[in-house]
Amino acid sequence: MSEELAFNVLINRIYSKTSLDFSRYKREYIKRRISGRMRAIGVNSYAQYLRYLEKNPEEYAHIMDSVAINVTEFFRDPGTFFAFRNEVLPEILSRKIGRKSRGEKVCGEAEKWRGNVPGSCDYGARGDCEKHGGNDDGMRATGCVGLGVRREALRSGAERSGTERSGTLRIWSAGCASGEEPYTIAIILLEELGDDLGNLLVSILATDIDDDALKKAMQGFYQQFSLKNIPPNILKKYFHSENGGYRIKDVVKRLVRFRKHDLISGEKLRYFDVIFCRNVMIYFSRELQERLFMDFYNSLNDGGFLIIGKTETLTGEAREKFICVNVQERIFRKPPR
Ligand SMILES: C[S@@+](CC[C@H](N)C(=O)[O-])C[C@H]1O[C@@H](n2cnc3c(N)ncnc32)[C@H](O)[C@@H]1O
C-alpha cells in the first residue's frame with residue numbers, strides 16, 4: 001500500500017473510532033502532527049502506525065491531543081480585547097440597555113487596559129481612526145473588502161436603543177481551549193458593566209472538542225505563564241493565589257458555561273451577539289473555513305460581531321456578507337437590520 005493510500009486509510013480509521021473528521025483539516029498539518037506521534041513511538045510508515053493503533057487503541061487519545069493544539073493565554077493579542085471593549089461592547093450595550101458612549105471616561109479607563117497593547121489608540125471613544133482602517137480604502141487596501149466600512153452602522157445603536165432592552169448578552173468562545181479566552185471576556189464584562197450587570201443576562205458559552213482542555217477550563221486554575229498579560233490590579237481582583245498558581249474567582253466563573261462541541265459536525269448554535277473563534281480555523285481546509293464562516297454568520301443575531309484570529313482571513317461567501325469593522329483586529333459584523 002502506498003503511503004498516500006495508507007494515510008487515507010488512517011484518516012478513515014480515526015474517523016470511525018473517534019468521529020473526528022481529519023479529512024476536513026489541512027492535510028499537511030495533520031500529517032505533521034501524526035508524524036510527531038509516529039516519531040514518539042518509533043514507527044516510520046503509516047501502514048506500521050495503523051498496525052500499532054490496532055494493538056494500542058489508547059493511541060487514538062494521543063492523536064487527538066497532538067492535533068488539538070491548545071496554546072492560549074489570558075488577553076491573548078491584547079489589542080483585540082481592547083477593540084472588543086472599546087468598539088464592540090459600547091455598540092452592543094447601547095442596543096441592549098440603552099447605554100450611551102461614555103466619551104472621555106472610556107479614554108481614561110482605556111489607559112488601564114492599554115498596557116502592552118501595541119499601536120492602540122482611543123478611537124473606540126472618538127469613533128474614527130484612519131490608522132485602524134477607518135475608511136473604505138484602508139479596508140480594501142488591507143484585503144478586507146466585505147461590504148466596506150459602514151461607520152454609520154456602528155453609530156446607529158443609540159438610535160435603536162430600547163429595541164433590545166432588558167435582553168440577554170450572548171457570547172460564544174468557539175475553540176476555547178483551557179478557558180483563558182472566555183474568562184478574559186468575562187473579566188472585561190465585569191469591568192465594563194459594573195452595576196449594569198444587573199440589567200442584563202450575560203451568558204458566555206465556551207466550547208471545544210478537547211475533553212482535557214475543557215476539564216482544565218472548568219477547574220479554572222492557571223500557572224503564571226498564561227497570566228502574563230493581565231494587569232496586576234485585575235489579577236488581584238479576579239484570582240486567588242493558590243499553591244504557586246492562580247485560581248479564577250467564582251464571580252468570573254459564574255458567567256461562563258463550558259461544553260464539548262465539534263465545530264465541524266456539532267449542532268448549529270444560534271442567537272449570539274458576539275462570536276470569538278480565534279486561532280482555530282487555521283488548521284482547517286479552506287473549504288471548511290468557508291462553510292464555518294457562513295455557519296457563524298447564521299449563528300449571529302443581526303448586528304452581531306465575529307472576531308477571528310489575527311493571522312486568519314475571512315474567506316468565501318462570508319466576505320460579501322460581513323461588514324469589516326476593524327481589519328487589524330479581525331472584527332467583522334453581521335449587518336444590523
Ligand atoms: C490554539 S487553541 C485556540 C484557543 C483560543 N481560542 C485562543 O485563541 O487563544 C485551538 C483550539 O481549537 C480546538 N479545536 C480544534 N478543532 C476543533 C473542532 N473541530 N471543534 C472545536 N474546537 C476545535 C482545539 O481543541 C484547541 O483547543
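A residue is called buried here if 20 or more other C-beta atoms lie within 10 Å of its own, exposed if 12 or fewer do, and partly exposed in between, with C-beta atoms placed from the backbone. This is a predicted model, in which local features need pLDDT of at least 70 and side-chain atom pairs count only at pLDDT 80 or more, while totals for chains, interfaces and linings use all residues. Residues are numbered from 1 along each chain as its sequence is written.

**View 1. Glutamate 329 in the loop between strands E9 and E10.** Glutamate 329 lies in the loop between strand E9 (323-326) and strand E10 (331-333), where helices (H or I, at least four residues) and strands (E, at least two) are DSSP runs numbered from the N terminus. With 21 other C-beta atoms within 10 Å, glutamate 329 is buried. Two residues are taken to be in contact if their C-beta atoms, placed from the backbone, lie within 7 Å; leaving out residues up to four places away in sequence, glutamate 329 touches Gly79, Thr80 and Ala83. Lysine 310 is 19 residues from glutamate 329 in sequence, and the two are 6.0 Å apart in space, C-alpha to C-alpha.

View 2. Phenylalanine 81 lies in helix H5 and is buried, with 24 other C-beta atoms within 10 Å. Its contacts, neighbours within four places in sequence left aside, are with Phe75, Thr184 and Ile188. Between phenylalanine 81 and isoleucine 307 there are 9.9 Å in space, C-alpha to C-alpha, although they are 226 residues apart in sequence. Phenylalanine 75 belongs to the loop between helix H4 (59-67) and H5, and aspartate 77 is found in the loop between H4 and H5. Phi is near 50° at phenylalanine 75, a positive value in a residue other than glycine, and phi of aspartate 77, also not a glycine, is positive at near 55°. Phenylalanine 75 counts as buried because it has 25 C-beta neighbours inside 10 Å, and aspartate 77 counts as buried with 20.

**View 3. Helix H15 and its buried face.** Helix H15 (residues 286-299) has 14 residues and reaches 20 Å from its first C-alpha to its last, close to the 20 Å expected, a span defined as 1.5 Å times one less than the number of residues. Its buried residues are Gln289, Leu292, Phe293, Phe296 and Ser299. Seen down the axis of H15, these residues fall within an arc of 120°, so they line one face of the helix; the arc is that of the directions from the helix axis to the C-beta atoms. The exposed residues Glu287 and Asn298 sit on the face of H15 turned away from its buried side. Strand E7 (272-277), strand E8 (300-308) and helix H16 (318-321) are among the elements that cover the buried residues of H15.

View 4. Two strands pair if DSSP finds at least two bridges between them. Strand E1 (residues 168-174) and strand E2 (residues 201-208) pair in the parallel sense over seven bridges, and tryptophan 172 has leucine 205 in E2 as its bridge partner. From E1 the chain crosses through helix H11 (residues 180-193) to E2, and this β-α-β crossover is right-handed, a term used if, with the strands pointing away from the viewer, the path from the first strand over the helix to the second runs clockwise. E2 is also joined to strand E6 (residues 256-260), in parallel, by five bridges, with lysine 260 in E6 as the bridge partner of aspartate 208.

**View 5. An open sheet of three strands.** The strands of this sheet have the order E3-E5-E4, with antiparallel pairing. Strand E3 (221-222) and strand E4 (239-242) stand at the edges, each with a single partner strand, so one side of each is left without a neighbour in the sheet. Four bridges join E4 to strand E5 (residues 245-248), and glutamate 242 has glycine 245 in E5 as its bridge partner.

**View 6. Two nonpolar cores.** A nonpolar core is a set of buried Ala, Val, Leu, Ile, Met, Phe, Trp, Tyr and Cys residues joined through C-beta atoms within 7 Å. In the largest core, of 62 residues, Ala186, Ile275, Leu306 and Phe332 touch the most other members. Helix H5 (residues 78-97) gives the largest share of this core, eight residues. Apart from it lies another core, of 12 residues, including Leu20, Phe22, Ile34 and Ile63.
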